[in-house]
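Here are some notes for reading this structure. Please keep the sequence and the model side by side as you go through the points.

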Amino acid sequence: MRSRSSLLTFTLILGAALLIGALNLAVPPGAAMHAPDYIVSLAGKYTCYAILALALDLVWGFAGILSLGHAAFFALGGYAIGMYLMRQIGARGVYGSAVLPDFMVFLNWKELPWYWHGFDMFWFAALMALAVPALLASLFGYFAFRSRVTGVYLSIMTQALTYALMLAMFRNDMGFGGNNGLTDFKDILGFPLAAASTRVALLLASALALGLCVLLARFVVASRFGKVLVAVRDAESRTRFLGYRPESYKLTVFVLSAAMAGLGGALYVPQVGIINPSEFSPANSIEAAIWVAVGGRGTLSGAILGAVLVNLGKTVLTGALPDAWLFVLGGLFIAVTLFLPGGIAGTWFIRKPRGARAPAAGVREAAP
Amino acid sequence: MKASIRAILLIALVLASPLAHAQSHSDARESHSDARALLASQRYDDVREGVHTLAASGNPNAAALLTALRDGRLFFASDKALYIRGQDGRLTTESGHPAPDIAASALHPVRVNNAVRRAADAALGALNLFAPSATDRETAAAAVFQTRDPALLPALDRALAQEKDPSVHRAMEQAWAAVLLSSGSGSAAERLAAVAALRARGDLESRAILASLSGQPPELVEASGQAVRAIDRDLQLWNLAQNVFYGISLGSVLLLAASGLAITFGVMGVINMAHGEMVMLGAYTTFVVQQAMQAYSPGLLNLSLPASVPLAFLIAGGAGVLIERGLIRFLYGRPLETLLATFGLSLILQQAVRILFGPTNRQVAAPPWMSGATRLGGLTLTWNRLWIIAFAALVFAGLMALLRYSSLGLRMRAVTQNRTMAAAMGIRTPWIDALTFGLGSGVAGMAGVALSQIDNVSPNLGQAYIVDSFMVVVFGGAGNLWGTAVGALTLGVVNKFLEPVAGAVLGKILVLIALILFIQRKPRGLFPLRGRAAEA
Amino acid sequence: MNSLLYIDGVTVSFDGFRALDGLSLVLAPGEMRAVIGPNGAGKTTMMDVITGKTRPDAGRVVFGADTDLTALDEPAIASLGIGRKFQKPSVFEHHTVADNLLLSLAGQRAPRRTLFARESAAERLRIEAILGTIRLTPYRDLLAGSLSHGQKQWLEIGMLLAQDPELLLLDEPVAGMTDAETAQTAELLREIRGTRSVVVVEHDMAFVRALDVKITVLHEGSVLAEGSIDHVSADPRVIEVYLGR
């Protein structure tokens, strides 16, 4: 994928979002071309998933780090914005407290915990949606990469991380709404979330964010940094003998990716209207990995394609044959790894140079 | 107070009764008929008196009569003869013979109120202290310890004097001490002896009695204070031991779940995310076997668990061989792909079981030999936990022996250590791969049999253990079975000690974080394979 | 004596097995040295110790005037100017030949630098020059994974040259090469000789002879003999343990 094609991707994403928005707002309901509201919110959801997929692809496809905890970063970003939306409810909550969210009143809390301060300001919450995942990723990554934990060990550790976070968030005394999470949002930046125009605006914002993420990811992987990253993926110890520090490369891309996932989560929550601890479940992270695998890891457009296709399949199938979806998802995992290691994009879209093979993140290190 | 003094006197009579009985048969007979008259009275005081008289009479049926009275099943006819209505509603005479036909209107119930009931209870307690069966006597002593009825003190004294069974004697002594101290009677020396007896008993109730002593001579307060502190120390130790037991029990569950993984992941290096589903298959096998036995041979139902073990091994092991041949062998050397593919497989297996057996929990009944508990000093050991610990140890030992001493084990180790060399020696490596994977899966299936006893048998059963199992194997050092055992027990004990301090969920989180930090420091686990082999 | 590399009494044990046993070796600046010895003599372990992959149990490795390499890790040692070629060719298979060289070029290694680095004209010229030296110019835009075994060996030597190191460590550079390729490689090494120090580990005695340099014979983790090819091949102990009669 050259930079021209990433501009094309950018244009396509934005164009699709604009089209859906226009068909929803400008075409009257009942007309054949009208895009119903649920299409807008589905498109918005898929866009956010695509951001998550892109973030995961950046670490998995290009640095060989299969993170099974990326849903945690996504959810943290979501919680940050969720906290802002909770504060925006103000006195309109069931208990009518101007400051305390409903669940705190319910738990008989008297005042706002310190870490809820500042979340009444949008800019602060938006900053936290990026900073908190990035901070967690840098802490975790610093320790993990420094001690040269790689491969499946790293995957299992990231899974344990998101699992621990899920258990923690289920607790009421953490102050994040426990089991029920954060919900019943009213408006964002003063615009009611229920309004069709707000939803279209959120879809456009998500599409813009995704497009910019594609450009950013493109810049990163095309740079010399990106080449080192691929070198680290394929032969980590060789890069060390060339004088590179793989751990700082992995850490950089891991943190960037976590912030990107946080952005996806932050855009996701206002569109679905709820965030709860189940977003941290390890299964969510693994599902994101299969989007990337289906689309084609190591290709940016592939990750986006995979996220949209798999979720489209999920939406259609869970509606038509609810029992069959898990069989299909499980089958996808197996079929892709066995028959389509390069994913859709890696197999059909990319014209490979002579002798090139589909990138395989699990390649054993060539160096002894 | 007056009544209770009278009661004491009367019960002292009871105690004398075996002697008195032998000495003067006629006296007893007389007191017996007194008792009848008193019981037939309309005044509660008289009835209570009657209870005491009856208890003191030495009448061999006294216990049955008193029980019936307490339960309101004792009647008298106009001639003062007593009749008991049995649980089945049939009337019998005092001595248990079927009663002659009497018009229901001719019978009047003995009047009972709470005071009478208490008197009957106390009298029964005292009577049971002389019951022929040691178990009954011990139960009676324990009951006295609970009620601490001062009226029973003389009875206790007397029972103590003639008790031969050491354990019953001890129980009576403790009961005596409890009554003595809480009623405030007895000489100073007796009370000191009582403190010592309670100190020896050393449980929370003894502690409560000792701690409530006040306004006593200083030396007694001193002694009881010391006893309380000593009991506290003991209780702490027992508490510690109990926690260790819980920890070992949890550790053995982890070990069971992780043993199979130690083979497939630790030894073979295959990351099988469907490992938990092998455990689940084992648990459902147990369920099916139990259902089948219930339907076809209910007589053998108690053996359904042992019967499930080999079957679970075969089913999960067979599934393992299929998985290896059909999926994993195409993915050797690609661990991340293996992880994803086997995760997909776990989704499919879960969903298949959900459709076959339904999404709800299935009950696997515990056989009688696995229910209940036994006490060891201050420890409560439940039988199912004990069995699971034993089972885990057995499975682990069997696995070690198989790997170390069997020719299959030798070939397995050869293949995992140097595949090409093993192949060159004529070992059919693909076959060994399949068998090794099958073995690990089969062990997981056996774990499922045990887990069906302590966890819900549901399609999500395996998910609950998969992260923990990986942690155990990684913590212990992949490829090292001993490491897995030590890792499992350590994690189990640490978890149980953190639980009371931090709460179950937070404790689990802390353990996870500690593990993550541990892996940072020692990426190859507690007992890493060292040297050049590990570098490859 | 002025030395570039001074290995001083280095001992390495793996679970009781002594891979290196008080090994000492001195390399002058600009010197090329061939190291030979039977399997298990400690040749690769010696390279591991110099490059920081393995920490010795005892002994020092001094580079240049007074840098103790045993206190540094691999990237730090590589940045000092020590390049290593592995026994098994180790190139970045999913990068083109040119990119392999680009990544090896001496320069900034920190992520914040490489993120914004652009290929300069000087770098491009240097890459072309190295491509010429290692005879891979026609293959510059091919993925390295598609090269033949011998070409990968050359590419790896080229990557070492691109690093512009003071000391090159070559572990069996001609293993698996055809005779013609071996001869070309010997020629290549003679070309770079004198400009930097080189340690070559080899089994191929014809190749070692063609290099015509001082030889160190390792046996069981320490130096058995040292000197010219004629000197060591006449040494009865060397014949006994390695060359054979």
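Predicted model: local features only at pLDDT ≥ 70, side-chain atom pairs only at ≥ 80, totals over all residues.

1. Four residues of α7(C) are buried: Thr182(C), Thr185(C), Ala186(C) and Leu189(C). Looking down the axis of α7(C), one finds its buried residues within an arc of 100 degrees, and therefore they line one face of the helix.

2. What do the buried residues of α7(C) pack against? Their partners are β8 (197–201) and α8 (205–211), both of chain C. On the face turned away from the buried side, α7(C) carries the exposed residues Ala180(C), Glu187(C) and Glu191(C).

3. In chain A, look at Phe254(A), which sits in helix α10 (residues 246–272). Is Phe254(A) buried or exposed? A residue is called buried when 20 or more other C-beta atoms lie within 10 Å of its own. Phe254(A) has 27 C-beta neighbours inside 10 Å, so this residue counts as buried.

4. Some of the surroundings of Phe254(A) come from elsewhere in the sequence. Setting aside neighbours within four places in sequence, Phe254(A) is in contact with Val59(A), Ile65(A), Ala137(A) and Gly141(A). Take Ile65(A) as one of these: 189 residues separate Ile65(A) from Phe254(A) in sequence, yet their C-alpha atoms are 8.5 Å apart in space.

5. Chains C and A also touch each other. The contact takes 27 residues from chain C and 28 residues from chain A. On the side of chain C that touches chain A, the elements giving two or more residues are α2 (74–81), α3 (97–104) and α4 (111–114) of chain C. The largest share comes from α2(C), with four residues. By type, the residues on this side of chain C divide into ten nonpolar, eleven polar and six charged.

6. For chain B, the domain assignment gives domain 1 as 2–207 and domain 2 as 239–371 + 380–535. How many Å lie between the C-alpha centres of domain 1 and domain 2 of chain B? These two centres are 57 Å apart.

Technical notes: Residues numbered from 1 in each chain as written. Chains lettered and ligands numbered in written order. Buried ≥ 20, exposed ≤ 12 C-beta atoms within 10 Å, placed from the backbone. Arc of directions from axis to C-beta. Contact = placed C-beta atoms within 7 Å. Domains from an automatic or database assignment. Nonpolar A, V, L, I, M, F, W, Y, C, P; charged D, E, K, R; others polar.
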